[in-house]
Amino acid sequence: MKFGKWPDGPSLISRIWDGTLFAVDSPGFYQQNAVRFGDLVSFLTPNGFRQFQLNHPDLIADLLVRDAAHHLRGVVLRRARGILGDGLLTSEEPLHLRQRRLAQPAFHRSRISGYGAEIVRLTREMTARWPAEGALLEMHAEMVRLTLRITSRCLLGSDVHASVQTFVDSMQIFNDYLPFALLPGASLLERLPIGPMPGMRRALAALDELIFGIIRRRRQTGVLGDDLLGMLLEAVDDSGSMSDRQVRDEALTILLAGHETTANALTFALWQVARHTEVQQRMRDEVRTVCGDRLPEAADFRKLEYLERVFAESMRLYPPAWVVARTAIEDYTMRTGERIPKGAHLIASQLVVHHDPRWWPDPMRFDPSRFTVEAKSERPRFAYFPFGGGARYCIGEGFAWMEGVLMLATVVQSWTLQLPDPSMEILPITPKFTIRPKERVEVLVEPSGKNFPNASPARVAEAIADRCPVGH
């Protein structure tokens, strides 16, 4: 295939001049490209690959659905196989399809409903430790621990709360690995004891000891369980059963990737709830209408429509998974006529599309009404894709929605949230493997029905003393 002129994009010279040459993992770089060059942008990466940035929902639909057979995973996830193994997040066909079929029953709607009581119970255990007189809490740490417990209990049947720091540290190392994986010659650098690699190897050894220990105990007792891990251990298809290594890869993927993305999503959502008191009151009113004085239940999930819209709007502004990447395995032609060479990188950023004023007027404004049935019907399908799309969409999407809505319902039912600095309009982010808060996310919490104790100046000062209002 002959290739002519590439789509417009930033030149190497201009990127050297403005300092963005190595900013290929920066949301700001992608957002600037979309504004300057439009729906399809092309440029060279520092290691010489041709990259295409897709900024229109129709092009993203082609990337994830129509042209999916032309692609492998992006370079970062392919490199992540050294960490996660061949789990659903990193595997390619035909293994990916087989693993997905074996894991799918654990995420069926009827089974997800069975997880609702555990989500509420563990959320209540978390809030029971919050001081009755109110407190200033670092919400991201709270959410990391909560979602790890929920994920482990519901999907692996084993509470790894005692090992929470192992997972927290491992995810931080994994995030530090992202910029390292994008360096020229990263496949060679990974073999050396430099950068994040020594810590990565120690973290993997600790994680393997934990996961293989759970698998070994179940094999020895013969009680495999009816959770995801049990299903994987006993699943059989025409190719036979899974090896312990395959089961480990899926379990580790779910624990690390599953709890990390949901923890970030809930942190941003609670920050928005604390910032918008009128939204918080409407949420509380809906919970009271649906649940009365009892705790939320799985059956309430679909009735808590406003809470679901709040969670959706928060993930629009701060999508935990902020970029989808693919690598072309052959030359092919896009529906629009653009020719894609073998080896090219293709990316679509949720942060770019979720803030595009064509689909989201006044995009920085927090507005849950964007997710009414009527409003959603007026937008293209891939104007919003926090869980990806196509055959590789996140298998845990249904679980994540239930977890987010029931957790929010359980918190606002009994607690009032407030920001120590109400003037703060943007929560700074760190874009690595996922979108994380850049700084501590302090929120004042108080049992509902009480007034805040004059926003204790000492506590507020502690919360905002080192805060730098840096944007995206």
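Trainee: How many residues does helix H9 have, and how far does it reach?
Mentor: This is a predicted model. In it, H9 covers residues 139–156, which is 18 residues. From first C-alpha to last it reaches 25 Å, close to the 26 Å expected at 1.5 Å a residue.

Trainee: What goes on at the start of H9?
Mentor: Glu 138 puts a side-chain oxygen within 3.2 Å of the backbone nitrogen of His 140.

Trainee: And which residue follows H9?
Mentor: Gly 157. The phi of Gly 157 is positive, near 70°.

Trainee: Switching to strands. How many residues of E14 are buried?
Mentor: Six of the six, residues 442–447, so E14 is largely enclosed by the rest of the structure.

Trainee: Which residues sit on each side?
Mentor: Side chains in a regular strand alternate between the two faces of the sheet. In E14, Glu 442, Leu 444 and Glu 446 are on one side. Val 443, Val 445 and Pro 447 are on the other. Both faces are covered.

Trainee: How many bridges join E4 to E14?
Mentor: Four, and the two strands run antiparallel. Ala 135 has Val 445 of E14 as its bridge partner. E11, residues 415–418, also pairs with E14 in the antiparallel sense, over four bridges. There, Thr 416 stands opposite Glu 446.

Trainee: Last topic, cysteines. How many disulfides?
Mentor: Zero in the whole structure.

Trainee: Cys 291, buried or exposed?
Mentor: Buried, with a relative accessible area of 5%. Cys 394 is partly exposed, at 34%.

Definitions and conventions. Residues numbered from 1 in each chain as written. Predicted model: local features only at pLDDT ≥ 70, side-chain atom pairs only at ≥ 80, totals over all residues. Heavy atoms only, no water. Expected span 1.5 Å × (residues − 1). Polar contact = N/O pair within 3.5 Å; in protein donor to acceptor, adjacent residues only side chain to side chain. Disulfide = S-S within 2.5 Å. Buried < 20%, exposed > 50% of the residue type's maximum accessible area, 1.4 Å probe, protein only. Pairing = 2+ DSSP bridges.
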